[in-house]
Amino acid sequence: MPTASPGRRRRADAERSIARIVGAARECLSGNSNASIDDIARHAGVGRMTLYGHFPNRAALVEAALSDALRAGDEVLSAIDLTGDARDALARLLEPSWSLVAESMALLAAAEGTLPAGRIREMHSAPAQRLEELIRRGQDEGVFRTDMPIAWLVGVIQYVLHGAAEEIRADRLAQEDAPKVVTETVRSILTR
């Protein structure tokens, strides 16, 4: 029976190591936006040299962790049925969106302290586009306001999602109340 070549084994080992490091970075940075490279390497079960062999600096590691979180979030959001009435589709989209934002607030803070703002916006383009398309559809159906730019409305909704996460963290909003509060707030913003 043939065995894998040493190059293939090394490649598979490297991929597993990268996945462990990115997972550890997501976990560490989601709990503490100031988690150190040492903390992340220790959590991943690798040395600093191994970590730096895959990620040349903190910015590259933070970007990989944020990218991984956004990919996972996109899997959740792309599975949501956005057909039917735009208002109902919006409610279905917002419920998991706020919790994804809440889970990633510290990671986003780490990214904001490390990456250029334009890069963070670029990385969030898929969720923003999904929301933009839904708002446009609601405008076409006559149920969402048309007197403000869509980009502005998307930005305001993102601020509401982030605000809900912050309110929960500060114990001013109960987690179980967040879906209703977020949905009703956003509906009031979009209503004609």
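Me: How much helix and strand is there over residues 36-55, and how far apart are the ends?
Reply: In this predicted model, residues 36-55 are 75% helix and 0% strand, with the end C-alpha atoms 14 Å apart.

Me: What does UniProt call that stretch?
Reply: The UniProt record, an unreviewed entry, places the feature "DNA-binding region" at residues 36-55.

Me: Switching to pockets, how much space lies in the largest one?
Reply: The largest pocket holds about 920 Å³ of space, and its lining is made up of 33 residues, with Val-101, Leu-108, His-124, Gln-158 and His-162 lying nearest its centre. Elements that give two or more residues to this lining include helix H1 (6-31), helix H5 (86-103) and helix H9 (150-169).

Me: Which element gives the largest share of the lining?
Reply: H4 does, with seven residues. By residue type, the lining of the largest pocket divides into 17 nonpolar, nine polar and seven charged.

Me: What about the largest nonpolar core, which residues touch the most other members?
Reply: Of the 33 residues in that core, Leu-90, Ile-135, Ile-157, Val-182, Val-186 and Leu-190 do. At least two residues of this core come from each of H5, H8, H9 and helix H10 (178-190).

Me: Which of the helices gives the most to this core?
Reply: H9 gives the most, with ten residues, and H9 is also among the elements that give two or more residues to the lining of the largest pocket.

Conventions. Residues numbered from 1 in each chain as written. Predicted model: local features only at pLDDT ≥ 70, side-chain atom pairs only at ≥ 80, totals over all residues. Heavy atoms only, no water. 1 Å grid on protein atoms, 1.4 Å probe; cavity = no way out; pocket = protein on both sides within 12 Å on 5 of 7 lines; lining within 4 Å. Points joined across faces, edges and corners; volume = space filled by probe spheres on them. Helix = DSSP H or I, 4+ residues; strand = E, 2+ residues; numbered from the N terminus. Nonpolar A, V, L, I, M, F, W, Y, C, P; charged D, E, K, R; others polar. UniProt positions renumbered as here; feature names shortened; annotations may be inferred. Core = buried A, V, L, I, M, F, W, Y, C linked by side-chain atoms within 4.5 Å. Buried < 20%, exposed > 50% of the residue type's maximum accessible area, 1.4 Å probe, protein only.
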